[in-house]
Amino acid sequence: MRRLLPDPGPTSVGQQLDGLELGREARDHRPYVITNFAITLDGRATIQGRSGPIGSDADTQMLVGLRTIVDAVMIGAGTLRTERYGRIVPDAEKRARRERDGLSPDPLVVVVSGRLDIPWDAPLFTEGGGRVLIFTVSEMEAPDTRTPVGVVRHQGPVDLSAALTHLHTEHGVRALLCEGGPRLHGQLIEAGLVDELFVTHAPKLAGGEGPGLVTGLPELERPLELAWLLEQDGELFARYRTVS
């Protein structure tokens, strides 16, 4: 892997993420929020409905590395249904590293689901690792699952700003990674709640009518600052900061 910007030279995912203490950047009332997506040259975030075919092994390393350094990982119910998540940090060595760094062994998994339409048989709920917290407007009760599940109910649409404040004040979440999907990503950006975007630009064309980096985001110029740009085998790894 090469670092193109800043300070061109050889690097690795581990070198780029080592010492990246995102929790220190937490706001007074909410966590520091980063997002991570892989997209094709034509801007698609999925191929045949899934994100997996877009990125490479290096992209997976970046995703796993980011999961390892945050307090919580947020996903929308649609992404959970499609990707059928398991334990967020399945590697025992990485969980031990989290503990050495003062984090819980598993990041808190945060699910946003208006209707509580959740795949309760997904490994995330059946394997028993970590904890899950769901924000919803539904009055339905969650079933018993091996993995502990908490539910926070909102009146009307889930208020993402209030949800982040709750995570910060009630669960000590200082840094949060959002993995989508594109609609949740757009909602966070529209609410001014995203601080950084980690975007993998894959050297692929997808075609079709799949979703892009965001869905439902009103048109508006939103400047970003490029913090770094890495390259491996034609794949670009960009880290952007939002500009107030």
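Predicted model: local features only at pLDDT ≥ 70, side-chain atom pairs only at ≥ 80, totals over all residues.
Helix α6 covers residues 160–171. The N-terminal end of α6 is capped by D159, where a side-chain oxygen sits 3.1 Å from the backbone nitrogen of S161. Just after the helix comes G172, with a positive phi of about 65°.

Which residues of α6 are buried? They are L160, A163, L164, L167 and H168. Viewed down the helix axis, these buried residues fall within an arc of 135°, so they line one face of α6. T169 and E170, on the other side of the helix, are exposed. The cover over the buried residues includes the strands β3, β4, β5, β6 and β8, together with α7 (182–190).

Strand β3 (32–39), one of the elements covering α6, is itself worth a visit. Eight of its eight residues are buried, so β3 is largely enclosed by the rest of the structure. In a regular strand, side chains alternate between the two faces of the sheet. In β3, both faces are covered: Y32, I34, N36 and A38 are buried on one side, and V33, T35, F37 and I39 are buried on the other.

What are the neighbours of β3 in the pairing of strands? β3 runs parallel to β8, and four bridges join the two; here T35 has C178 as its bridge partner. β3 also pairs in the parallel sense with β9 (residues 196–201), over six bridges, and N36 stands opposite F198 of that strand.

Technical notes
Residues numbered from 1 in each chain as written. Heavy atoms only, no water. Expected span 1.5 Å × (residues − 1). Buried < 20%, exposed > 50% of the residue type's maximum accessible area, 1.4 Å probe, protein only. Arc of directions from axis to C-beta. Contact = heavy atoms within 4.5 Å. Polar contact = N/O pair within 3.5 Å; in protein donor to acceptor, adjacent residues only side chain to side chain. Pairing = 2+ DSSP bridges.
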